[in-house]
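Subject: Structure handover

Hello,

Here is the structure for your files. My notes on what was found in it follow below.

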Amino acid sequence: MNSRELVTRAIHFHDPERVPLWMAGETYDLTNDLYPTASRTFSPLPEAELRRLAPDFPGMLSQGEWGNILGKLPTDLSTTETVRSGFEEWEEFAAYQFPDIDALYRYEQARAHISGRAGDVYELAWFGSGYFGTLYNLRKMEDLLIDLAMYQEELQGYCARLEPIFHRCLEQWSRAGAHGILFGEDLGVQDRLLMKPATWREIFKPYYARLIAHAHELGLDVLMHSCGYIRDIIPDLVEIGLDVLQFDQIDIYDLDDLASNFGGKIAFFCPVDIQSVMPTGDEARIRAAARRMVETLGAFHGGFLAKDYPSWHEIGVPDAWAAWMREAFLA
């Protein structure tokens with residue numbers, strides 16, 4: 001059973017021979033090198049103009065291709081936040097231009113990677129942020145929270161304009177030869193969603209449902225990353241056909257709850273919890289946590305995919321500790 005078959009069987013509950021593993025820094029059972037390339041047309045504003053537009057931010061400034069201005073504080077160069085939204089008022093949105101994320105040239109490099117391989121690895125492509133994630137990046141947090149409370153009709157209009165672009169991105173990944181796509185939506189904080197579940201259902205759920213349906217029509221599995229606690233909408237994500245949930249902070253959930261309510265309905269793609277367990281350096285605890293995830297979430301003829309973390313050093317975890325986790329997942 002090759003790696004592609006292992007992953008597919010794990011996602012669809014068809015008895016893989018072992019737990020498949022994504023390993024940072026190299027191709028293992030899932031690829032980690034399929035991204036759209038950078039824009040050929042975007043030209044960021046010069047530094048002086050960025051300073052004029054965001055005069056109160058004390059750190060480094062840059063501009064993203066969505067038009068937002070990004071800032072890094074000198075005390076934390078690893079963290080970037082939007083300090084000025086890509087458009088300031090919703091009245092400006094009619095003239096706003098989305099970046100060309102669906103352009104063919106952005107997928108040519110990934111297509112070449114896939115065509116040059118033997119075909120026995122599951123080709124997982126990074127889709128980018130989804131409907132909420134693009135807003136999360138495009139808008140300052142205070143703007144976004146106001147949007148969710150006061151501009152729900154405008155948010156639906158935003159999603160409606162973005163929908164055909166996202167669907168064309170799926171088509172590009174399908175033509176490139178991907179088997180699945182992973183998109184990022186940081187929908188929660190430690191103990192709740194960033195919005196009321198009813199707000200997510202009203203504004204975003206229909207667009208996610210059609211995105212997932214179109215991906216499935218193209219033969220693509222759909223995996224969603226989210227930081228934070230999103231338990232309230234997992235039943236909705238199951239309902240609309242999401243294939244896999246990717247959590248890095250699995251311990252904010254009750255594993256038994258996830259298994260009893262969603263086991264066999266949606267798969268999980270996770271490392272041992274990167275906040276509460278991995279930084280302890282406790283070998284016995286790390287190994288036990290890994291085996292418990294396999295035995296609970298993976299107990300449905302599949303349903304669990306093991307995940308490495310791409311930047312252990314940033315959270316103070318030596319690779320030796322990560323190796324205990326990987327060994328336990330594959331034991």
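**Hairpin β2-β3**

Strands β2 and β3 form a hairpin with five residues between them, and Gly 67 in the turn has a positive phi of about 95°. Helices (H or I, at least four residues) and strands (E, at least two) are DSSP runs, numbered from the N terminus. This is a predicted model, in which local features need pLDDT of at least 70 and side-chain atom pairs count only at pLDDT 80 or more, while totals for chains, interfaces and linings use all residues. Residues are numbered from 1 along each chain as its sequence is written, and side-chain values use heavy atoms, with hydrogens and water left out.

Strand β2 (residues 60-63) runs antiparallel to β3 (residues 69-73), and four bridges join them. Two strands pair if DSSP finds at least two bridges between them. Leu 61 stands opposite Gly 71 in β3. On β2, Leu 61 and Gln 63 make up the covered face, and Met 60 and Ser 62 the uncovered one. In a regular strand the side chains alternate between the two faces of the sheet.

**The seven-stranded sheet**

An open sheet of seven strands has the order β1-β10-β9-β8-β7-β6-β5, with parallel pairing. Its edge strands, each pairing on one side only, are β1 (21-22) and β5 (124-129). Strand β1 is joined by two bridges to β10 (residues 304-307), and the two run parallel. Trp 22 has Lys 307 in β10 as its bridge partner.

Thr 82 is found in strand β4 (residues 76-84). Thr 82 counts as buried because its relative accessibility is 12%; buried means under 20% relative accessible area, exposed over 50%, and partly exposed in between (1.4 Å probe, protein chains only).

The side chains of Thr 82 and Asn 68 are joined by a polar contact of 3.1 Å. A polar contact is a pair of N or O atoms within 3.5 Å; within protein, one must be able to donate a hydrogen and the other to accept it, and residues adjacent in sequence count only if both atoms are side-chain atoms. The Thr 82 side chain also reaches the backbone oxygen of Asn 137 at 2.4 Å. Leaving out residues up to four places away in sequence, Thr 82 touches Asn 68, Ile 69, Leu 70, Asn 137, Leu 138, Arg 139 and Lys 140 (contact means heavy atoms within 4.5 Å).

Helix α4 (residues 131-138) is mostly covered, with six of its eight residues buried. These are Tyr 131, Phe 132, Gly 133, Thr 134, Leu 135 and Leu 138.

**Salt bridges**

How many salt bridges does a search of the whole structure find? The search finds 25, a salt bridge being a side-chain nitrogen of Lys or Arg within 4 Å of a carboxyl oxygen of Asp or Glu.

One of them joins the side chains of Arg 210 and Glu 163 at 2.7 Å, N to O. This pair links distant parts of the chain, 47 residues apart: Arg 210 is in helix α8 (residues 205-217) and Glu 163 in helix α6 (residues 152-176). Arg 210 is partly exposed at 38% relative accessibility, whereas Glu 163 is buried at 14%.

Arg 326 forms a salt bridge with Asp 308, with the closest N and O atoms 2.8 Å apart. Arg 326 lies in helix α12 (residues 319-330) and Asp 308 in the loop between β10 and α12, 18 residues apart. Both residues are buried. Arg 326 also meets Asp 319 in a salt bridge (3.0 Å, N to O), and Asp 319 is partly exposed at 49%.

Regards
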